Amino acid sequence: MPLPFTIVMITIIGVGHVFNLAEPISFIVKHTWPDAVLVELDMGRYNALTSQGENPGPAGAEQGSAIFRQTSRYQQRLSEENGTTLGAEFLAAINTGKLEGAEIIPIDTDAMRVLDEMWSEMSLGEKMRYKWSGVSDSIGGSRKVQKVHSDFAADEDAYIEAMRKKYPTLVRKLIDERNASMAEQINRASEKYNNMVVVVGDAHVEGICRLLKDPVIRKIRLSDLMDKERMDKVRQMVWNGEETR
């Protein structure tokens, strides 16, 4: 447990699971010197990812329910279109963290269970909209993903609220409830570790930060990782140990 009045530093990195982000993630983790690296993985996905080396593939894609397999395969296809593999950003954080002697902590809830619960709780109308969205996403491919990233970055709150109106169950199960669960685990870890790096999907960053205690929080967003000039500023910030709030 940290000494009284010890400042807890959290660097929270927002990623996109289908983008090639391994290098910037490794750089940030290496030069932050964390004593713990927390990743948006459940234990099953963590074990599948770390047991398959540097070419993990869609961990668990051949297991679980139809919706889990469909989601995993879709994400894997988009990852390949972007020159990476699904989970590569987490594997980079894990491997670099281990090299730095950091504790590695999976903080997500069971993905298969959450997706199954989401599907069972959706109304018929929401299921139909979700299925049609899957068809549209498959046609749009990586261009559609880039547009989603751009729209989300332009007005994050508006994008989430629009999603909430269209897919209320999806947002509740995949974002709200997981934000609460992951924030609880980060808060628990902050009682033991003073310098932590947290790697989660970019859509979780603000929701999680609102639920954290009052440590120093340095946010690095997907838009920073995806833009060379902004990433250069992040590298400088990390080198200098600067903080953001």
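Predicted model: local features only at pLDDT ≥ 70, side-chain atom pairs only at ≥ 80, totals over all residues.
Which residues are buried in helix H2 (residues 43-51)?

**Entry 1: helix H2**

I found Arg-45, Tyr-46, Ala-48 and Leu-49 buried in H2. They lie on the same side of H2, because the arc they cover around the axis is only 170°. I then looked up what covers these buried residues, and the cover includes helix H4 (88-99), strand E3 (103-106) and helix H5 (111-121). At the N-terminal end of H2 I noted a cap, Asp-42. One of its side-chain oxygens is 3.0 Å from the backbone nitrogen of Gly-44.

**Entry 2: the sheet**

I traced an open sheet of 5 strands in the order E3-E2-E4-E1-E5, with parallel pairing. E3 and E5 are the edge strands, and each pairs on one side only. From one strand to the next the twist averages 20°. H4 packs on this sheet and touches E1, E2, E3 and E4. I noted an angle of about 165° between the direction of H4 and that of E2.

**Entry 3: strand E1**

How many residues of strand E1 (residues 9-15) are buried? I counted 7 of the 7, so the strand is largely enclosed by the rest of the structure. In a regular strand, side chains alternate between the two faces of the sheet. In E1, I saw Met-9, Thr-11, Ile-13 and Val-15 point one way. Ile-10, Ile-12 and Gly-14 point the other way.

I checked the partners next. E1 pairs with strand E4 (residues 195-201) in the parallel sense over 7 bridges, and Ile-12 stands opposite Val-198 in E4. Strand E5 (residues 216-220) also runs parallel to E1, joined to it by 5 bridges. There I found Ile-13 opposite Ile-220.

Nonpolar side chains tend to be buried together in soluble globular proteins. I looked for such groups here. The largest nonpolar core has 32 residues, and those with the most contacts inside it are Ile-13, Ile-25, Ile-28 and Leu-225. Elements that give two or more residues to this core include E1, helix H1 (22-32), H2 and helix H11 (228-240). H4 gives the most, with 5 residues.

Leaving aside residues up to four places away in sequence, Ile-25 touches Ile-13, Val-15, Glu-89, Ala-92, Ala-93 and Leu-225.

Terms used:
Residues numbered from 1 in each chain as written. Heavy atoms only, no water. Buried < 20%, exposed > 50% of the residue type's maximum accessible area, 1.4 Å probe, protein only. Helix = DSSP H or I, 4+ residues; strand = E, 2+ residues; numbered from the N terminus. Arc of directions from axis to C-beta. Contact = heavy atoms within 4.5 Å. Polar contact = N/O pair within 3.5 Å; in protein donor to acceptor, adjacent residues only side chain to side chain. Pairing = 2+ DSSP bridges. Core = buried A, V, L, I, M, F, W, Y, C linked by side-chain atoms within 4.5 Å. Axes fitted to C-alpha atoms, helices over the stretch in contact; angles between N-to-C directions.
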